[in-house]
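This report looks at how some side chains are placed in a protein model. Please view the structure first, then read on.

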Amino acid sequence: MTERKPPGMSFETWIDHQISQAQVRGAFEGLSGAGRPLPRRDREQTSYDWALEWARRENGGTDGMLPPGLALRKERERLPEAVAHLPSEAAVRALVEDFNARVEQHWRRPQDRPDVVPGMADLDALLAHWHATRPPEPVIPETLLPARRQRWWRRGRDRRSR
């Protein structure tokens with residue numbers, strides 16, 4: 001952290017002094033982008049354009065910028081894709097219950113302005129979709145199954161009963 005500006009010194013002089021000290025320390029050496037020109041802008045960029053570009057550059061996308069209701073609605077539209085990759089029916093139920101709980105929590109919060117009303121996820125429809133996207137269970141003939149071994153504590157009992 002830098003020290004405070006001494007009283008009686010102008011801001012310009014103070015900033016120039018801090019920059020010259022940083023140059024002496026070598027703080028500006030080895031920075032990424034050193035020696036390269038700044039990227040050209042074809043047109044004037046608004047703050048909205050800058051925010052979109054920043055979100056795409058940081059691999060965050062624009063989903064984080066949506067209002068909560070619209071984000072929940074968009075998530076509900078993507079649920080069938082997410083459900084198709086889940087390993088079990090219990091995982092599907094847990095995902096849908098978590099989503100519906102967040103929708104109920106959104107409904108209960110006070111609204112300061114009109115918002116998109118997200119709907120609840122249909123558990124039965126998503127379970128049907130999950131079952132439809134599952135690969136068929138492989139049928140293994142009993143001849144290929146390993147022989148069932150008898151437990152050691154039952155061996156003696158079986159011999160005595162004969």
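## Terms and source

Helices (H or I, at least four residues) and strands (E, at least two) are DSSP runs, numbered from the N terminus. The model is predicted: local features need pLDDT of at least 70 and side-chain atom pairs pLDDT 80 or more, while totals for chains, interfaces and linings use all residues. Residues are numbered from 1 along each chain as its sequence is written, and side-chain values use heavy atoms, without hydrogens and water.

## A buried histidine

Histidine 106 lies in helix H4. Its relative accessibility is 5%, so histidine 106 counts as buried (under 20% relative accessible area; exposed is over 50%, partly exposed in between; 1.4 Å probe, protein chains only). Leaving out residues up to four places away in sequence, histidine 106 touches Pro68, Gly69, Leu72, Gln111, Asp115, Val116 and Pro118; contact means heavy atoms within 4.5 Å.

## The nonpolar core

A nonpolar core is a set of buried Ala, Val, Leu, Ile, Met, Phe, Trp, Tyr and Cys residues joined through side-chain atoms within 4.5 Å. The largest one here has 12 residues, among them Leu72, Phe99, Ala121 and Trp130. Helices H3 (68–84), H4 (89–108) and H5 (123–133) each supply at least two residues of this core. H4 gives the largest share, four residues.

Apart from neighbours within four places in sequence, alanine 121 is in contact with Arg76, Leu79, Val96, Phe99, Asn100 and Leu126.

## A partly exposed isoleucine

Isoleucine 15 belongs to helix H1 (residues 11–25). Isoleucine 15 counts as partly exposed because its relative accessibility is 44%.
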